[in-house]
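Subject: Structure for your files

Dear colleague,

Please find the structure below, followed by some notes on what was found in it.

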Amino acid sequence: MIMSDFPPGLVLIFGALLLPIIGQKFRPILTLGLPLITLYLIWSLPDGSFSTFPLFDYQLVFIHSDSLSRLFATVFSIMTFGGSLYALKQKSVLELAAVFVYAGSAIGVVFAGDLISLFIFWEIMAVASTLVILSVGSNRSFQISMRYFLVHVFGGTLLLVGIIAYILDTGSTTFTAMELNSFGTIFILMGFLINAAAPPLSAWLSDAYPEASFSGAVFLSAFTTKAAVYVLLRGFPGAEILVFIGIFMIFYGIIYALLENDMRRILAYSIVNQVGFMLTGIGIGTEMALNGVAAHAFTHIIYKALLLMSAGSVLYMTGKRKCTDLGGLFQSMPLTAFCGIIGALSISSFPLTSGFISKSMISQAAADDSLIAIWFLLMAASAGVFLHAGIKFPWFVFFQKDSGLRPPDPPWSMRLAMLLFAGICIGLGIWPEYLYSMLPYPVAYEPYTVTHVIHMLQLLLFSGFAFFLMLPLMKRTLTITLDADWFYRRLFPSILKNSSATVWRIDKMIRLAFLEKLNGGLIFLSKKNNRMSGLLSQNYPIGSMVLWVAVILAAYLFLSFIR
Amino acid sequence: MSNENDKHWLVREKTVRLLWRVSLVLLSLLVIADFFINAHPYFKIDGTFGFYAWFGLVVCVGMVLLAKALGVFLKRKDTYYDNE
């Protein structure tokens with residue numbers, strides 16, 4: 001087939017350019033059709049490398065297709081389809097077009113076979129995701145998108161430095177598993193980690209995502225961090241440092257989500273938490289762990305999008321986003337509440353949901369490897385996920401107190417998108433074999449043993465019990481929690497402001513002193529000239545000048561006659 | 001809204017009390033179930049009776065308290081950054 005080596009991501013990127021031109025009436029055909037075409041192209045790709053272009057001395061490989069890249073590209077295009085369905089009511093064409101470029105470049109990253117084309121798509125992704133936030137159009141979203149952009153440009157620069165050093169080192173541009181033993185690979189890892197929302201620069205995520213539109217946040221939750229998980233999975237499997245970074249992210253996400261009042265920021269922190277699980281799995285690095293990470297990335301994208309769709313529906317219908325303003329919405333938004341709860345159960349890895357069949361593979365891998373501390377931390381984290389996302393989100397949004405708000409469920413397109421994703425969450429939980437067959441390594445894991453199910457239920461339900469016991473301590477307050485972004489939003493600006501004031505003062509002093517000296521010098525010179533009273537420094541009256549000019553002219557006239 | 005009967009059936013006090021009771025029964029049943037399954041612990045302690053139940057409870061209480069403690073230092077009014 002001729003189309004078989006066309007990079008699937010480019011379908012979405014070129015399609016995005018058509019979106020503003022085409023009329024509003026036909027736009028849904030494009031936004032729903034393009035992801036399906038992309039999906040078709042992804043699945044018609046045989047394994048191997050295609051679509052290569054020479055660039056100076058190097059080869060760009062736009063398609064490197066294998067089970068891992070196919071898995072991520074598949075979930076990215078399912079996400080684009082479901083998100084587009086959800087976003088049918090989105091009036092901002094800029095957001096839709098940006099989303100399509102964003103999704104297309106994420107798929108581009110996933111298929112990139114060499115570091116140069118990976119970097120190209122990586123940067124397109126940064127620009128497009130910034131536009132998604134910027135498209136909200138408020139002053140606030142402008143400031144936030146600029147902060148977001150700066151962090152990602154910084155990450156991109158680290159990545160570029162790393163890639164150049166790596167190519168100079170090895171002479172190869174192929175993107176493959178790397179060892180953390182050179183300047184180049186360390187910088188590449190740092191660049192990847194910034195997009196994975198790893199510390200210390202993790203605050204960009206919870207800062208930016210909750211400011212996107214009701215539909216924009218759904219897309220944002222899926223691509224940047226999971227593309228980072230993909231490149232880490234391919235580039236640094238078994239890099240031990242990722243275990244520690246991952247564990248940190250897991251507990252950071254839980255603690256910050258517990259303190260948070262904004263419903264979508266709770267979910268944003270829980271993205272960091274979930275990516276932490278994946279990084280831990282990548283760090284463990286066994287086949288079981290890597291399979292678990294790939295499966296978890298897949299299920300996570302779906303249920304996190306579902307959760308954000310549910311939150312987005314509440315935002316869309318009420319215009320409110322703080323837990324303190326919400327509550328009791330289950331009465332008038334039963335479907336939104338139902339789908340939100342399905343998402344919440346999935347993220348908490350309840351049996352019969354998608355999270356159960358994916359997350360347990362990662363903890364199983366820790367147990368298989370006798371990583372006792374890691375295993376206990378992962379178990380604690382599983383309990384914590386139910387606490388901060390599984391119960392906290394639905395409880396404070398849909399139950400809690402009665403806020404008196406009685407908005408109806410959102411329009412049909414949004415309801416349908418939520419039902420679709422809720423169906424996928426349950427479907428994957430009941431029939432895990434379909435997902436397992438797509439994983440990079442053969443799976444010999446049976447999630448549904450009586451022991452495992454009972455133990456997970458014990459762990460989760462007792463966490464839920466703890467939540468309701470501690471409910472008085474969980475009362476929402478009108479607060480935010482300081483994060484590492486405080487350094488670049490408060491500390492550095494104030495240092496800069498103070499230091500520039502100091503610089504300004506010193507500069508003023510120097511200039512004043514210089515002017516004084518210059519003045520003194522001029523006065524000295526003029527006095528000296530006055531004293532000399534030379535021929536040229538005297539004051540002559542204008543009358544005498546005119547007289548002498550008249551004399552010269554007369555002499556000239558006289559001379560012209562005597563010739 | 002103060003009248004019990006005006007409320008949605010799910011949030012009436014009677015239902016809430018019933019829900020608590022059912023949940024407590026369910027929790028105890030889950031712990032009792034530990035007698036009937038043959039646990040194959042990965043390490044030692046996770047095979048002990050009711051491990052997952054108390055572990056989940058203790059860990060969650062711990063995390064809420066930890067969050068609360070950190071909140072003392074890190075919480076600010078949500079208008080903190082508004083004058084940017």
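What pattern does chain B follow, read along the sequence? The order is α-α-β, made up of two helices and one strand. Please keep in mind that this is a predicted model.

Chain B is more spread out than a compact globule, because its radius of gyration is 21 Å, well over the 12 Å that the globule rule gives for 84 residues. Along the principal axes, the C-alpha trace of chain B spans about 60 × 45 × 15 Å.

Of the 84 residues in chain B, 26% are buried. As for charge, chain B carries 10 positive and 8 negative side chains. The centres of these two sets are 7 Å apart.

Next, the interface. The size of an interface is often given as the accessible area lost when the parts come together. For chain B and chain A, the area buried between them is about 4800 Å², with 74% of it on carbon and sulfur atoms. Which three residues supply more of the area that chain B buries against chain A than any other three? They are B:Phe43, B:Tyr52 and B:Tyr81, which together supply 15% of that area. In terms of residues, the contact takes 47 from chain B and 54 from chain A.

Regards

Note on methods:
Residues are numbered from 1 along each chain as its sequence is written. Chains are lettered from A and ligands numbered from 1 in the order in which they are written. This is a predicted model: local features need pLDDT of at least 70, side-chain atom pairs count only at pLDDT 80 or more; totals for chains, interfaces and linings use all residues. Side-chain values use heavy atoms; hydrogens and water are left out. Helices (H or I, at least four residues) and strands (E, at least two) are DSSP runs, numbered from the N terminus. The radius of gyration is taken over C-alpha atoms; the globule rule is 2.2 Å times the number of residues to the power 0.38. Buried means under 20% relative accessible area, exposed over 50%, partly exposed in between (1.4 Å probe, protein chains only). Lys and Arg count as positive and Asp and Glu as negative; His and the chain ends are not counted. The place of a charge is taken as NZ of Lys, CZ of Arg, CG of Asp or CD of Glu. Contact means heavy atoms within 4.5 Å. Buried area is the accessible area (1.4 Å probe) that two parts lose on being put together, summed over both.
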